[in-house]
Amino acid sequence: MAMTLHVDIVSAEAEIFSGTANMVFAPAEMGEVGIAPRHTPLLTRLKPGEVRVQMEGKDEQFFYVSGGILEIQPHVVTVLADTALRAKDLDEAQALRTKERAEKAIADKVGDFDYAKAQAELAEAVAQLHAIQRMRKQTKR
Amino acid sequence: MAGAKEIRTQIKSIKNTQKITKAMEMVAASKMRKAQDRMRASRPYAEKMKNVVAHMGKAHPEYRHPYLIERPAKRIGLIVISTDRGLCGGLNINLFKRTVAAMKQWRDQQLEIDVAVIGTKAMSFFKRLGGNVVAEAPHLGDMPKLEDLIGSVKVMLDAYDKGEIDRLYLANNVFVNTMTQSPEVEQLLPVIGDDSDKQIAHHWDYIYEPDAKQVMDGLLMRYIESLVYQGLVENIACEMAARMVAMKAASDNAGNLIDELQLVYNKARQAAITQELSEIVSGAAAV
């Protein structure tokens with residue numbers, strides 16, 4: 001019996017492919033790798049590129065990945081694909097943006113948050129009114 | 001007698017409200033199904049990631065990543081996932097209660113807390129409470145992208161790398177079933193080792209390309225992100241389920257109210273007719 005590999009290609013948002021293959025080619029960071037069954041365990045990052053899965057029936061399937069992690073076990077290949085375009089400075093910009101937003105939100109006295117506060121105050125006032133009404137009813141009796 | 005007309009307008013307005021709550025219930029039901037699908041779709045990634053991290057823990061690499069090393073805690077990072085919109089019952093309130101209880105525990109241990117919030121409800125809550133909010137990601141919508149989370153997670157991971165925080169927790173609602181959502185606070189960093197996979201006990205290690213540090217950096221960063229993403233997707237499923245239940249209760253209550261008012265209305269109408277009749281009769285008798 002021919003030896004096969006189990007291949008899983010998953011991204012954070014969905015499972016992309018799962019099945020058996022004769023051979024897998026992936027764009028590793030240090031150059032394209034071809035993985036045959038009984039490959040030694042390897043962990044590497046992926047470059048944007050194409051993952052080719054050579055199926056048992058000789059036909060090939062192609063998957064585009066924009067990066068990610070490749071894990072190889074002797075009979076299992078796992079591609080953890082990125083869905084987002086990643087680069088150090090891009091991530092940095094994202095982080096900065098969320099930080100700024102938080103700072104602005106805290107400094108900002110108007111807008112969304114006054115609304116929430118007003119709502120809370122309104123709820124308090126309504127509760128007080130209810131209490132007063134109930135007291136009045138009781139004293140009337 | 002209270003005017004029959006007023007009761008009629010009241011019934012009408014309640015009926016309108018009921019129509020809205022019914023529509024919201026149905027929308028929430030269909031969105032919940034989609035959210036559950038997404039929850040299921042993102043699970044394999046997190047699980048595969050967990051496997052790889054577990055393998056790595058077993059593999060005895062020459063390099064120990066700081067994310068795997070426990071260190072004495074002085075300051076804690078907390079990521080709180082809430083919904084963007086209300087009308088979903090006690091979902092957010094329960095989560096905040098659970099979070100505040102956890103925060104109180106940490107405060108009692110003289111630990112300081114940095115908070116990153118996801119969702120507008122958490123933002124306004126911590127704004128009122130006066131927590132130290134370092135990052136905010138509101139308005140992610142019903143179909144969030146992992147991209148939207150990278151920023152907030154990176155703020156926390158950077159803080160961890162620099163030693164500003166020594167532990168990272170995630171607070172979100174966990175989807176048990178449609179009727180039950182349980183708020184939970186769970187530790188993300190340092191990564192707690194999972195010893196369930198006993199099959200690969202013998203010594204072996206990966207080949208790392210280009211080297212262990214860089215691969216692990218990338219891997220663990222994605223691992224944490226995927227956990228937060230999973231939490232977010234799960235929270236959305238919870239939101240939809242909670243909203244569906246809340247709106248169903250509201251529709252039922254509106255129905256009860258309408259029934260009661262209808263009774264009052266019928267009585268009022270009957271009384272008015274009787275009164276009119278007796279007036280006519282007595283008028284005729286007087287002539």
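**Note on a predicted two-chain model**

1. B:Ile273 lies in helix α5 of chain B, which covers residues 212-286. Helices here are DSSP runs of H or I with at least four residues, strands are runs of E with at least two, and both are numbered from the N terminus. This is a predicted model: local features need pLDDT of at least 70, side-chain atom pairs count only at pLDDT 80 or more, and totals for chains, interfaces and linings use all residues; side-chain values use heavy atoms, with hydrogens and water left out. Residues are numbered from 1 along each chain as its sequence is written, while chains are lettered from A and ligands numbered from 1 in the order in which they are written.

2. Areas come from the Shrake-Rupley method with a 1.4 Å probe, and for residues only the protein chains shown count as cover. Patch members have over 30% relative accessible area and no salt bridge; nonpolar side chains (Val, Leu, Ile, Met, Phe, Trp, Tyr) are joined within 5 Å, like charges within 9 Å. B:Ile273 counts as partly exposed because its relative accessibility is 39%. The classes are buried (under 20%), exposed (over 50%) and partly exposed in between, with a 1.4 Å probe and protein chains only.

3. Chain B also has a patch of positive charge on its surface. B:Lys5, B:Arg8, B:Lys12, B:Lys15 and B:Lys19 gather in it. Lys and Arg count as positive, Asp and Glu as negative; His and the chain ends are not counted. Each charge is placed at NZ of Lys, CZ of Arg, CG of Asp or CD of Glu. B:Lys5 sits in helix α1 of chain B, residues 4-58. With 60% relative accessibility, B:Lys5 is exposed.

4. Chain A has two helices and eight strands. Along the sequence they run β-β-β-β-β-β-β-β-α-α. The chain has 141 residues, and 40% of them count as buried. The accessible surface of chain A is about 8500 Å², with 56% of it on carbon and sulfur atoms. Consider its contacts (heavy atoms within 4.5 Å). Of those in chain A with a separation of 6 or more, 45% link residues 24 or more positions apart.

5. A:Thr78 is worth a look. It is in strand β8 of chain A, residues 76-81. A:Thr78 is buried, since its relative accessible area is 2%. Neighbours within four places in sequence aside, A:Thr78 touches A:Asp8, A:Ile69, A:Leu70, A:Glu71 and B:Lys48.

6. Over all chains, the structure holds 16 salt bridges. Each has a side-chain nitrogen of Lys or Arg within 4 Å of a carboxyl oxygen of Asp or Glu. One of them joins B:Arg75 and B:Glu112, with 3.1 Å between the closest N and O atoms. This pair links distant parts of the chain: B:Arg75 is in strand β1 (residues 75-81) and B:Glu112 in strand β2 (residues 112-118) of chain B, 37 residues apart. B:Glu112 is partly exposed, at 49%.

7. Another salt bridge pairs B:Lys154 with B:Asp158, their closest N and O atoms being 3.5 Å apart. Both lie in helix α4 of chain B (residues 146-161), four residues apart, about one turn of the helix. B:Lys154 and B:Asp158 are both buried.

8. In chain A, shared partners join A:Glu32, A:Arg52 and A:Glu60 into one salt-bridge network. Within it, A:Arg52 and A:Glu60 meet at 3.8 Å, N to O. A:Arg52 is partly exposed, at 25% relative accessible area. A:Glu60 is partly exposed too, at 30%.
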